[in-house]
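Hi everyone, thanks for making time today. Let me put the model up on the screen and walk you through a few spots I liked.

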Amino acid sequence: MNAKLKRGLITQSLSPAFVLLVIRHFHTGYLHIVRRFFKALATEPCIAIEVAWKHEMLGELIIFLIGIVWIIWSLLYIPAFAGTQSHGFHSHGEQIVSVEEKRDAAASFLMTFILPLLIDELTTPQYWISYLLVIVVVYAVLYQSNLYYQSPVLAILKYHVCEFKVLNPDETDPEGFKNEKTYIGITRGNGITDDSVIKWKKIADDVYLIYNE
């Protein structure tokens, strides 16, 4: 399993939600609030922490900062993901069949994972702590499943997702394919069609990066 590649794709898949969150929770007063907090922290730390903890904008500030870091991480991963496509591929002459493109994958991902993250109520610690737990749970679900391949970012970058089977798998390769099993393929450029001979790289689970050989 390519754990680094998988984590990057998950981070990238949730980035549209954090772009919207950054826009929705941006306030020009953040810098003033932070300055006041550190000024008070130097003289009356206990009071400063208590006031900050109860401040109605604390949750929005936390989500805003997480969003900024998440977006930067996602942007940095775009060239890194492109770089993984120049090396490390396997090819044993595998020919694929039963190719079915998943055209609705991005829309399904948006409805399932992105929309639930777009909430407005962050005014109390209970709300924003529970919201942070929602983010953790969503990330964990994506990591334990293979649903990250439905990323709307991949669709925007013109990647295609398909289901396929392998006609002549080399079952001696531990990262390779099994006969009659269905896999998920991510590719870009010319589409993969029935009877195509592919080169491939395993991401995780049953998800592969594939190209025409």
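Start with the side chains of His25 and Glu60, which are joined by a polar contact of 2.9 Å; that term means a pair of N or O atoms within 3.5 Å, where within protein one must be able to donate a hydrogen and the other to accept it, and residues adjacent in sequence count only if both atoms are side-chain atoms. This is a predicted model, so local features need pLDDT of at least 70 and side-chain atom pairs count only at pLDDT 80 or more, while totals for chains, interfaces and linings use all residues. Residues are numbered from 1 along each chain as its sequence is written, and side-chain values use heavy atoms, leaving out hydrogens and water.

His25 sits in the loop between H1 and helix H2 (30-43); helices here are DSSP runs of H or I, at least four residues, and strands are E runs of at least two, numbered from the N terminus. Is His25 buried or exposed? His25 is buried, at 2% relative accessible area, where buried means under 20%, exposed over 50% and partly exposed in between, with a 1.4 Å probe and protein chains only.

Now Tyr77, in helix H4, is buried too, at 9%. Tyr77 touches Lys4, Leu5, Gly8, Leu9 and Gln12, leaving aside residues up to four places away in sequence; contact means heavy atoms within 4.5 Å.

Finally, the largest nonpolar core has 40 residues, with Leu9 and Phe81 among those having the most contacts inside it. Such a core is a set of buried Ala, Val, Leu, Ile, Met, Phe, Trp, Tyr and Cys residues joined through side-chain atoms within 4.5 Å.
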